[in-house]
Amino acid sequence: MARQLQVRLSSRSLLTFVVWGMVICAIAPLKLIGWAGWFHNPVMFLLAPIQHPIRSGVIALRGDGPARLADPLSYQSVDQRDELVQQLLQARGEISDLRTQIRELSHGLELNPGLNVLQLIAPVIGTGGDSASGVFSVKAGKRDGVDAGCVVAVRGVHLIGRVRGADERTAAVLPITDKAAGKLIGVVMLDEQQLGPACLLEPVGDGTLVGTVADSGDPSAPSAANKPEVGLTVRLRDPQWAASAQMLIIGTIERVQADAKQPLLKTAIVVRPQYQADRQRQVIVRVPDAAVPARDPQTGRQAEPRP
Amino acid sequence: MNVMVALVIGYLLLGLELGIREGLRLWPTNISPSFVLPFIVLVALFAPTTPALWTGLLLGLAVDLSTQRGPELTVVIGPHALGYMVAAYFVNVARALVFRRNRVTLVVLSIFAACVANIVALALLALRKIIYADPIALSTGDELLQRFASSVFTGLTAILIAFAIFPLLPALGLHDPASRRFSKRS
């Protein structure tokens, strides 16, 4: 009887101690609770054997995005076309940047020799316990060359997010639609190849990005034709993102409205990504690959592998 | 109470919740049900106070540890652990007023317990926003509404949990004292 009472008392006092510890952890500054991150991977390692198969089953039942075309070959062609358009626009952007560099730099020697990107297909493991956080894990890590800053896309050209941290086997991805992801600069495409006005987009937390539209990216275009319209595609053109992410598709314009701060002067757009990050069975991680032989920008031939 | 069985069931339910939640989420909101909370409610209905609080605390801790927040992928220990523990305490206190063996009790109490847990978790995260202007903090108003809706949704999963786990009560070492009061001693 006395021993039982003693066990109960010690259990209660331990509980009180743990509760106070958690209260302190819950309101402590971020730099003091960084150690808690060490426990994330073991917990996810234990949960993954249940979470991953169930998630895959659910996505297989429900589908992972817009309806597929009946003919798989047509579907493949659409993917290839999207990818080629993105490469073309990326190349044009690079040419434009290089011309600017040549103009601005008196030496004109340090030019980007080419862009090598390894596209890695990574299965999505899932999100964490709190649905308010959009961070999700993918099954690709440092051993595959994935590290913080790598760009994550789906269907080749649809931007999903950016890797914020990686361990040996997994990486944590912060979607562009998560409020914590911050602002990004996009460009409205007036048609498949013509650049329109730039826009500064900010995630609002409901799966969309809202932003003010700036002046046209193409000064030769007439001003009436530069107005953003519902249904137009918005692509990434943000110097803060990796070169491999430039001109990836952010989404399509869902709504055009007056800017909240300057309703008479500025236009705002609401952009919705075509594919939701948390509904994917697998994503493509674009890893800058130093080992892939670079293409000679003048001849287009593969250069010798780097030592 | 059989702690090992409770931990195994809690682990299975948490894995199930993480896997299935995106399928049940009311897109494009974050409204989604919890599978773990009805189990905590069930334990709190039948178990003594201290084990019930420990169950809530440990399962909430698992939720906290599985969640990375913000651009720095911060893991914040406490919001869900304390939230689930307070929810367990709420149920533990309220159980004197309800018919424990009725499955509707579990459904209704799950909704209220989820509200309590979400309020505590959100309050702690909002406190961080006030003190530090954290990048991990949430927009409290929208989030509170979504979490209330999630709590109602949790009531639906509680129906499934009620039918699946009520038969496991003896294995969990949980008994209704009211049903034993008039039974024969073996």
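**Helix packing in chain B**

Tutor: Helix α2 (residues 36-46) of chain B and helix α5 (residues 103-132) of chain B pack with their axes 9 Å apart, at an angle of about 110°. Two packed helices are described by the angle between their axes and the distance between the axes. Axes here are lines fitted to C-alpha atoms, for helices over the stretch in contact, and angles run from 0 to 180 degrees between N-to-C directions. Helices (H or I, at least four residues) and strands (E, at least two) are DSSP runs, numbered from the N terminus.

Student: What should I know about the model and its numbering before going on?

Tutor: This is a predicted model, in which local features need pLDDT of at least 70 and side-chain atom pairs count only at pLDDT 80 or more, while totals for chains, interfaces and linings use all residues. Residues are numbered from 1 along each chain as its sequence is written, chains are lettered from A and ligands numbered from 1 in the order in which they are written, and side-chain values use heavy atoms, with hydrogens and water left out.

Student: Are α2(B) and α5(B) roughly parallel or roughly perpendicular to each other?

Tutor: Angles under 35 degrees count as roughly parallel, over 145 as roughly antiparallel, 65 to 115 as roughly perpendicular and the rest as oblique. α2(B) and α5(B) are therefore roughly perpendicular. The crossing of α2(B) with α5(B) is right-handed (a crossing is left-handed if the near helix is turned anticlockwise from the far one by less than a right angle, and right-handed if clockwise).

Student: Which residues make the contact of α2(B) with α5(B)?

Tutor: Contact means heavy atoms within 4.5 Å. From α2(B) come Leu37(B), Pro38(B), Val41(B), Leu42(B) and Leu45(B), and among those of α5(B) are Leu106(B), Leu109(B), Ala113(B) and Ala117(B). The residues of this contact divide into 10 nonpolar, two polar and no charged. Ala, Val, Leu, Ile, Met, Phe, Trp, Tyr, Cys and Pro count as nonpolar, Asp, Glu, Lys and Arg as charged, and the others, Gly among them, as polar.

Student: How many residues of α2(B) are buried?

Tutor: Buried means under 20% relative accessible area, exposed over 50%, partly exposed in between (1.4 Å probe, protein chains only). In α2(B), 11 of the 11 residues are buried, so this helix is largely enclosed by the rest of the structure. Its cover includes α1, α3, α4 (79-94), α5, α6 (140-165) and α7 (169-172) of chain B. Val43(B), with a relative accessible area of 0%, is in contact with Met1(B), Ala52(B), Thr55(B) and Leu174(B), leaving aside neighbours within four places in sequence.

**Between the chains**

Student: At what angle do α2 of chain A and α1 of chain B pack?

Tutor: Helix α2 (residues 40-62) of chain A and helix α1 (residues 3-24) of chain B pack at about 30°, with axes 8 Å apart. That makes α2(A) roughly parallel to α1(B). The crossing of this pair is right-handed. Its residues divide into 11 nonpolar, four polar and three charged. Leu47(A), Ile50(A) and Ile54(A) are among those that α2(A) contributes, and Leu12(B), Gly15(B) and Gly19(B) are among those from α1(B).

Student: Which residues does Leu65(B) touch?

Tutor: Leu65(B) lies in helix α3 (residues 49-65) of chain B and is buried, at 10% relative accessibility. Not counting residues up to four places away in sequence, Leu65(B) touches Ala36(A), Phe39(A), His40(A) and Val43(A) from chain A, with Val75(B) and Ile77(B) from chain B.

**Strands and a loop in chain A**

Student: How many helices and strands are there in chain A?

Tutor: Chain A has three helices and 12 strands. Two strands pair if DSSP finds at least two bridges between them. Strand β1 (residues 117-127) runs antiparallel to strand β12 (residues 282-288), joined by seven bridges, and Pro123(A) stands opposite Gln282(A) in β12(A). β1(A) also pairs with strand β2 (residues 136-138) in the antiparallel sense, over three bridges, with Gly126(A) partnered by Ser137(A).

Student: Which residues does His52(A) touch?

Tutor: His52(A) sits in helix α2 of chain A and is buried, with a relative accessible area of 18%. Its contacts, not counting residues up to four places away in sequence, are Pro123(A), Val124(A), Ile125(A) and Lys139(A).

Student: What phi does Met247(A) have?

Tutor: Most residues other than glycine have a negative phi. Met247(A) has a positive phi of about 70° although it is not a glycine. Met247(A) lies in the loop between β9 (233-236) and β10 (249-258) and is buried, at 3% relative accessibility.
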